[in-house]
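Welcome, and thank you for taking a look at this structure. Take a moment to turn it around, and then let us walk through it together.

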Amino acid sequence: MKSDLFSFIKTIFSFIRPFWKKFFIGLTCAVLTSLITGFSTWAIKPVFNFVFVEKHYEYFKFVPPFLIIIFTLLGFFSLLQAYFMKAVSTGVVNLVRLELFKKCLFLPVLKLSKQTTGQTVSRVINDTAQIEPILGNTFQTIFKESLTVLSLLIVAFLQKWDLTLIAFSTVPIIIFGAKILGFKTRRARKLAQNATGELTHKMHEILGGIKEIKLSGSYEKIIELFSKELDKFYKWSLKITKYREGSKSLVDAVTGLGGALVIGYGGYLIIREALSPGAFLSILTAILLIFNPMRKLAKAYTGLKEAQGAWTRIQEVLQLEEEKGGNLKAFPPKKGFLFKNVYFKYSEELSWVLKDINLFIPANKVIALVGPSGSGKTTLVSLLPRFYDPQQGKIYLDNTLLKDFDILSLRSLFGMVLQEPFLFNLSIKENLIMAKPEATEEEIIKACKLAKAHEFIEKLPKGYDTVLGEEGLSLSGGQKQRLALARVFLKKPPVIILDEATSQLDTITEQAIQEALDNFKGSYTIIIIAHRLSTVNKADRIFVLDKGQIVAEGTHQELLERCSLYKNLYLTFQKT
Ligand SMILES: Nc1ncnc2c1ncn2[C@@H]1O[C@H](COP(=O)(O)OP(=O)(O)OP(=O)(O)O)[C@@H](O)[C@H]1O
Ligand SMILES: [Mg+2]
């Protein structure tokens, strides 16, 4: 437990290191503020005696300016202290936030979606905020108050050690109590943080479905759902206060007990004339003075424990294993991709989404994946850029396992238009060149023309510089698809995967894009997923997927004759 706390403090200090100059200035200013306060308090007596008692009235004129200087200095140093300490604490918090965010980018897709998004966001924002106070105040408090306690202890011990010992016989109770309460606070804090994460997530999720809610009119049900999460948060927040205030009350009660013991035993000693009333008063003052800094220390300890709880949660994310590949640089396929007895499921508890997939995707051909909704088409193509790895079986590019390629270079082979294209709230141009940062203006326009996007982009308020999401600007599903296609046409990757890439386009536009795609035939590996079989019937090879298994493969004509599922799919779509 102790070593845990110790290693926690050590880690926090390793984050402070980049800010050590600011930290040092802040700490120096804190010490200066204490020194000035101490000095001015101490100076009252000699100054008062010198000027008024010993009647050196000619020096009186120095007193008001002296006061002004002291208070100005005090203000100045406490401002500097607050400023630099905040600079350190916020700096460290931001550093941790950045680390967490970076970590999220490099986690396997599955890990990231398992931690619900709200929880992850909560860790990045709330848990990191939890460690800020300890950087701002707690370390200072521990530093300063420990010194105070130590010096007062020495004074008391030198006066009468046995009386002091009796007074402090209660301290173990405080330590023990603070430890237990600290542990409980930490646990409650963790659960409260979980509840906050859940709250963020729920709110996000619910408001995402606002149209459905409005249509169904089921406001009460939704409000109830949200209230439940609020209740959880309420419960744990109250518990935190209970334990935190509990440790304060414990100190109060024990202070009373300590006072009673000292007065009892001290009074007894005075009556027996074993102690002078003056010495007794001095010890009593020292002891009573000690309890306030001790209370602050106890509070600092609880704060430290709370921060440690938050840190544990941050650590859980930081320690997750990042996705990793091999050292080989990936190359455009010469033979193709080979799936060998591949099995995949999204999580342990769920059943197989892909079962015993054996499949060869020849290089530089157009291949199509068809099959009913939910049969596993999107999942299958997601295995190629290693968004997911199969639990069983192997996937090769030419003769090398996908896992042996450097992951970045492997992914650079692919251009994908996903079922629901995602665009950033950046300008259209920035969205496009994400795939190819060095692209020229002409290249961009050419790609957009191919994807039939140029026309609508030109009509936007600022053309290619229009920022998506700004002033409520949002694109239609088909427009997004065309931008995503343009992104692929711009990058011209060796492997192009189109997952329902033209599903939201009208037939004329779709036809035009088909023709554009024809330019890529022969020198690019193209994988098309489509429900409209008119899009796939020209493919060199078609695979039919059903319930996670490849049930047939061949050309359009062959499948029409051989595969009843394909024939049914084809006939149904022809009717529509
Ligand atoms: N992220 C996920 N987590 C858990 N299960 C998932 C996830 N994505 C898909 N599935 C499940 O995997 C199965 C296959 O889904 P997939 O998206 O691959 O189907 P699909 O063939 O692309 O369907 P569609 O034609 O509707 O796009 C489905 O049963 C689905 O419920
Ligand atoms: Mg799909």
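In this predicted model, four strands make up an open sheet with the order β2-β1-β4-β5, and their pairing is antiparallel. Strands here are DSSP runs of E with at least two residues, helices are runs of H or I with at least four, and both are numbered from the N terminus. Two strands pair if DSSP finds at least two bridges between them. Strands of a sheet pair through backbone hydrogen bonds, either parallel or antiparallel.

Strand β4 (residues 392–397) runs antiparallel to β5 and is joined to it by two bridges, and L397 stands opposite T400 in β5. The loop between β4 and β5 holds D398, which has a positive phi of about 50° although it is not a glycine. With a relative accessible area of 11%, D398 is buried; buried means under 20% relative accessible area, exposed over 50%, and partly exposed in between, using a 1.4 Å probe and protein chains only.

A word on how to read these values: residues are numbered from 1 along each chain as its sequence is written, while chains are lettered from A and ligands numbered from 1 in the order in which they are written. Because this is a predicted model, local features need pLDDT of at least 70 and side-chain atom pairs count only at pLDDT 80 or more, whereas totals for chains, interfaces and linings use all residues; side-chain values use heavy atoms, with hydrogens and water left out.

Now turn to strand β8 (residues 525–529), where five of the five residues are buried. Both of its faces are covered, with T525, I527 and I529 on one side and I526 and I528 on the other. Strand β3 (residues 366–370) pairs with β8 in the parallel sense over four bridges, and A368 stands opposite I528. Strand β7 (residues 495–499) also pairs with β8 in the parallel sense, over five bridges; here D499 has I529 as its bridge partner.

Another pair is β9 (residues 541–546) and β10 (residues 549–554), antiparallel over five bridges. F543 has E553 in β10 as its bridge partner. Two residues lie between the strands of this hairpin, and K547 takes a positive phi near 50° there.

What coordinates the magnesium ion (ligand 2)? T378 (OG1) and Q419 (OE1) do, at 1.9 to 2.5 Å. T378 belongs to helix α12 (residues 377–382) and Q419 to the loop between β6 (414–417) and α14 (428–433), so the pair ties together parts that are 41 residues apart in sequence. Donors are N, O and S atoms within 2.8 Å of the metal (3.2 Å for Na, K and Ca), and water is not among the atoms, so sites may look incomplete. T378 is partly exposed at 31% relative accessibility, and Q419 is partly exposed at 36%.

Finally, look at the loop between α10 and α11 (277–318), where E273 is found. Phi of E273 is near 60°, a positive value in a residue other than glycine. At 71% relative accessibility, E273 counts as exposed.
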